[in-house]
Amino acid sequence: MRPRSFWTCLVPLIWLPCQLAQGQMPPMGDFSGYERMDRDQVLARLAEATAQAPADLSSKNLSNLDLAGVDFKHANLTAAVMNGANLAGADLSGCNLTVSFAERANLQKAKLRGAIMFSMQLGGADLRGADLTGARFIGDMKHADLRGAHLVNLDGAADMKNQSMGLMHAVISSANLEGADLHAADLSRADFSFSSLAAANLHGVRIFGGDFSGTSLVGADLSGADLHESTFIDTDFSGADLSNADLSGSILRNVRGLDSAKRTGARGLP
């Protein structure tokens, strides 16, 4: 049999994240090609794992399972389906979650430190108090609940050097990030439109080219933030701290609350 060429093998791997990034993902519940596992099978697979050989749960269907508090021990969860699963308090630190699905999953206080979350679908997920410190995230968090979440040093910036598949960026629109900690995160080109970042800590963040249309930044700490060339249309800055923030080259239209914001040293404001 004639061996498959390198490009023949590679094309499907490129196509899948590209389609997911464009929103062309399988409908919820339509994962017939994924092996279904129950809780006991997952725990057994994890019990056999070692530091040198993490569990392989790639392309497995774990939807709606109760996996609260489970330590996934850096498992490979590439393309895994966890829609509606209870992962509250679970430890997913260091896991590979590339092209995975966790829509409407319960991830309250879950640990995702250093996780690889490239092209991950988290629409409507509950991430209250979750710890994503140092994770790599490019994907979809529309309508997610991120109140009090830890996104410190999160790497969610679009890779401008590798855009052959189109601009892949973090989408965190219509989400609730009230009181979330994003300090020192890089979410350049991210879409925060119609989200609430009220009282969030964005000190020193880098979100150049971001979209904050219809976003609430009421009482948010944006001191020292790099927000240049971003879009602020119908954005509420009431009580925000914009000290030394850089908004140069940004679009500011119908914004509110700038008169009550701290603006010392800020650049690019009208």
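I take buried to mean under 20% relative accessible area, exposed over 50%, and partly exposed in between, with a 1.4 Å probe and protein chains only. I read helices (H or I, at least four residues) and strands (E, at least two) as DSSP runs, numbered from the N terminus.

**Ground rules.** I am working with a predicted model, in which local features need pLDDT of at least 70, side-chain atom pairs count only at pLDDT 80 or more, and totals for chains, interfaces and linings use all residues. I number residues from 1 along each chain as its sequence is written, and side-chain values use heavy atoms, with hydrogens and water left out.

**Strand β4.** I began with β4, where 4 of the 5 residues are buried, so I noted the strand as mostly covered. I then looked up its pairing with β3 (two strands pair if DSSP finds at least two bridges between them). The two strands run parallel and are joined by 5 bridges. One of the residue pairs I noted is Met120 with Gly139, the latter in β4.

**The whole chain.** I found 2 helices and 6 strands in the protein chain. Read from the N terminus, the order is α-β-α-β-β-β-β-β. The chain has 270 residues, and 48% of them count as buried. I also looked up its accessible surface (Shrake-Rupley method with a 1.4 Å probe; for residues, only the protein chains shown count as cover). That surface comes to about 12,100 Å², and carbon and sulfur atoms hold 51% of it. For contacts (heavy atoms within 4.5 Å), I took those with a separation of 6 or more; residues 24 or more positions apart account for 20% of them.

**Core.** Next came the nonpolar core, a set of buried Ala, Val, Leu, Ile, Met, Phe, Trp, Tyr and Cys residues joined through side-chain atoms within 4.5 Å. The largest one has 72 residues, and Phe72 and Leu182 have the most contacts inside it. Helix α2 and strand β3 (116-121) each supply at least two residues of this core. Beyond four places in sequence, I see Leu182 touching, among others, Leu151, Phe192, Ala200 and Val205.

Which element holds Val42? I find Val42 in helix α2 (residues 39-47). Val42 counts as buried because its relative accessibility is 0%. Outside four places in sequence, Val42 touches Met37, Leu57, Leu62, Leu65, Leu67 and Phe72. From Val42 I went on to Lys60, 18 residues away in sequence and 9.7 Å away in space, C-alpha to C-alpha. Lys60 lies in strand β2 (residues 60-61). Is Lys60 buried or exposed? Its relative accessible area is 11%, so I log Lys60 as buried. The residues Lys60 touches beyond four places include Tyr34, Glu35 and Arg45.

**The β4–β5 loop.** Ala225 sits in the loop between β4 (136-140) and β5 (231-233). With 2% relative accessible area, Ala225 is buried. I read 6.0 Å between the C-alpha atoms of Ala225 and Arg206, which are 19 residues apart along the chain. Contacts of Ala225 beyond four places include Leu202, Gly204 and Asn244. Ser195 is also in the loop between β4 and β5, and at 3% relative accessibility Ser195 counts as buried. A polar side-chain atom of Ser195 lies 2.9 Å from the backbone nitrogen of Ala175. Among the residues Ser195 touches beyond four places are Ile172, Leu177, Gly214 and Thr215.

Notes:
A polar contact is a pair of N or O atoms within 3.5 Å; within protein, one must be able to donate a hydrogen and the other to accept it, and residues adjacent in sequence count only if both atoms are side-chain atoms.
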